[in-house]
Every structure is written in C-alpha cells, then in structure tokens.
Amino acid sequence: MNDDAPLTASEQEIWRSYFTGTRELAAHLDRRMRRETGMPMTYFEILGLLAESPDRRMRMSELAAASLSSTSRVSHAVTALEKSGWVSRRPVEGDRRGWVAHLTDEGLAALGAAEPTHAATVRQYLFRVLTPAQVAALAEIGRAIQDGLGVVCASARAAAAGEHPDADAEVEEIDTGMDCPLDDPE
C-alpha cells in the first residue's frame, strides 16, 4: 500500500478512536489534577522526572527532552514551580549557558500528595476499562509506536537543541492536548 494514500475507512476509525481516547484521557487527567491537587499534569510530570533523576536534579535541556517539550515551555513551567517552592534552579558549574533544576523537599512532598489522584484516575479510566490481555497489548503497542518514532523524535530534539545538520529547520512544539475541551467536568 502507498503510505501517501488516504487512510482507509478502517484505518481512519482506528486512528480517530486512538487519538480521541488518548486526548480525552489526558484532558480529563489534567482537569482532575488541577481541581483536586492544584497541580496541572505538566507540573506533575516535571516533578516526577526530577524525583526519578539522580540527586533529584536534571539539566533543563534534558528535562525538556524527557518531557517531550521545548526548553522554553519547560523554563516557564520551572519558573512557576520555583514560585511554589517546589523546584530550585541553578547554573551548571563550568557551563555559562547550562542550568539545572532541582526538586526541593517541598516539591517532593507536593508530588507525593498528588500521586494518589494521578494513580486513581489512570487506573479508573485506563486499566479498569481494559482486560489484562488488552493492557498487555497496549504496552506492546506503545513500545512499537515509540520504537517507530525513536529516530524521528531524536532528530527533532537534536535539531531543536541546535545539534543537528538541519538545526535551522523549524521544529514544531509538541501539543499534548491538555487543554482539550472534550472533557466534561465531573
């Protein structure tokens, strides 16, 4: 089949159900996190990445790459997290351009307080609506999609960081759909 040909009716149905379902879940999760914890999913993700990193520290550029976001977007989020006292930011020794974000004890506590809402929502709207076989298949599907995009995404991140021959090419920021209006408040 020609990859440039329009999607078949079956492909279109599968794509739309996948895309709509993931956007609706992300939007609902973000709304519930904001309402119940006062923390948007973006902040929860950044705090989680920092919590999992050595010494709860990560270079800003690495944090942006790990969160699949632009350095500018992560910088704005970290600024807000600093105001909350959840993150501190310091220059990298010996690198005048590099900055490191550090998860504070207060940030770790805020992450811990938000985790039950995150876990309950993901379990309720993802794991409980799928059979064990579907969960296993979803894990396999997720890995296959990641593997298929690995080179493309690495190239885009390198270009965004100015480390790629096509660094002058415009790199579009990733829109997670967190502000998707399809989710009705509970």
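Visitor: Which residues of helix 2 are buried?

Guide: They are M41, F44, I46, L47, G48, L49 and L50. Note that this is a predicted model.

Visitor: What makes a residue of helix 2 count as buried?

Guide: Its relative accessible area must be under 20%. M41, F44, I46, L47, G48, L49 and L50 therefore each fall under that limit.

Visitor: What is the expected reach of helix 2, and what does the helix reach?

Guide: Helix 2 covers residues 41-52, twelve in number. At 1.5 Å a residue, 16 Å is expected. From its first C-alpha to its last, helix 2 reaches 16 Å, close to that value.

Visitor: Now the surface. Which residues form the nonpolar patch?

Guide: L7, W15, Y18, F19, L138, I141, I145, L149 and V152 form it. Together they have about 810 Å² of accessible area.

Visitor: Which helices supply at least two residues of the patch each?

Guide: Helix 1 (9-37) and helix 6 (132-160) do. Helix 6 gives the largest share, five residues.

Visitor: Why is L138 called partly exposed?

Guide: L138 lies in helix 6. Its relative accessibility is 35%. Partly exposed runs between the 20% limit for buried and the 50% limit for exposed. The value for L138 falls in that range, so L138 is partly exposed.

Visitor: Next, the aromatic rings. How many aromatic pairs are there?

Guide: The count comes to two aromatic pairs. In one of them, the rings of W15 and Y18 have their centres 6.0 Å apart and their planes at 40 degrees.

Visitor: Why do W15 and Y18 count as a pair, and why is the pair called tilted?

Guide: Ring centres must lie within 6.5 Å, and 6.0 Å meets that, so W15 and Y18 pair. Stacked planes are under 30 degrees apart, and edge-to-face planes over 60. The angle here is 40 degrees, so the pair is tilted.

Visitor: Where in the chain do W15 and Y18 lie?

Guide: Both lie in helix 1, three residues apart, about one turn of the helix. W15 is partly exposed at 42%. Y18 is partly exposed at 40%.

Visitor: What about W15 and F19? Why is their pair called stacked?

Guide: Their centres are 5.0 Å apart, which is within the 6.5 Å limit, and the planes stand 20 degrees apart. That angle is under 30 degrees, so the pair is stacked. W15 and F19 are four residues apart in helix 1, about one helical turn.

Visitor: Why do residues three or four places apart in an α-helix point the same way?

Guide: An α-helix has 3.6 residues a turn, so such residues point the same way. Here, W15, Y18 and F19 form one aromatic cluster.

Visitor: How many salt bridges are there?

Guide: There are six salt bridges. One of them joins R34 and D30.

Visitor: What makes R34 and D30 a salt bridge?

Guide: The closest N and O atoms are 2.7 Å apart. The limit is 4 Å, so the pair qualifies. Both residues lie in helix 1, four residues apart, about one turn of the helix.

Visitor: Are R34 and D30 buried or partly exposed?

Guide: R34 is partly exposed, with 47%. D30 has 4%, which is under 20%, so D30 is buried.

Visitor: Why do R35 and E36 count as a salt bridge?

Guide: Their closest N and O atoms are 3.9 Å apart. That is within 4 Å, so the bridge counts. R35 is partly exposed at 42%, and E36 is partly exposed at 42%. R32, R35 and E36 are linked in a network of salt bridges.

Visitor: Which residue meets E82 in a salt bridge?

Guide: R89 does, at 2.9 Å from N to O. That distance is within 4 Å, so this bridge counts too. E82 has 29%, between 20% and 50%, so E82 is partly exposed.

Methods
Residues are numbered from 1 along each chain as its sequence is written. This is a predicted model: local features need pLDDT of at least 70, side-chain atom pairs count only at pLDDT 80 or more; totals for chains, interfaces and linings use all residues. Side-chain values use heavy atoms; hydrogens and water are left out. Patches are made of residues with over 30% relative accessible area and no salt bridge: like charges are joined within 9 Å, nonpolar side chains (Val, Leu, Ile, Met, Phe, Trp, Tyr) within 5 Å. Accessible areas come from the Shrake-Rupley method with a 1.4 Å probe; for residues, only the protein chains shown count as cover. A salt bridge is a side-chain nitrogen of Lys or Arg within 4 Å of a carboxyl oxygen of Asp or Glu. Buried means under 20% relative accessible area, exposed over 50%, partly exposed in between (1.4 Å probe, protein chains only). The expected span of a helix is 1.5 Å times one less than its number of residues.
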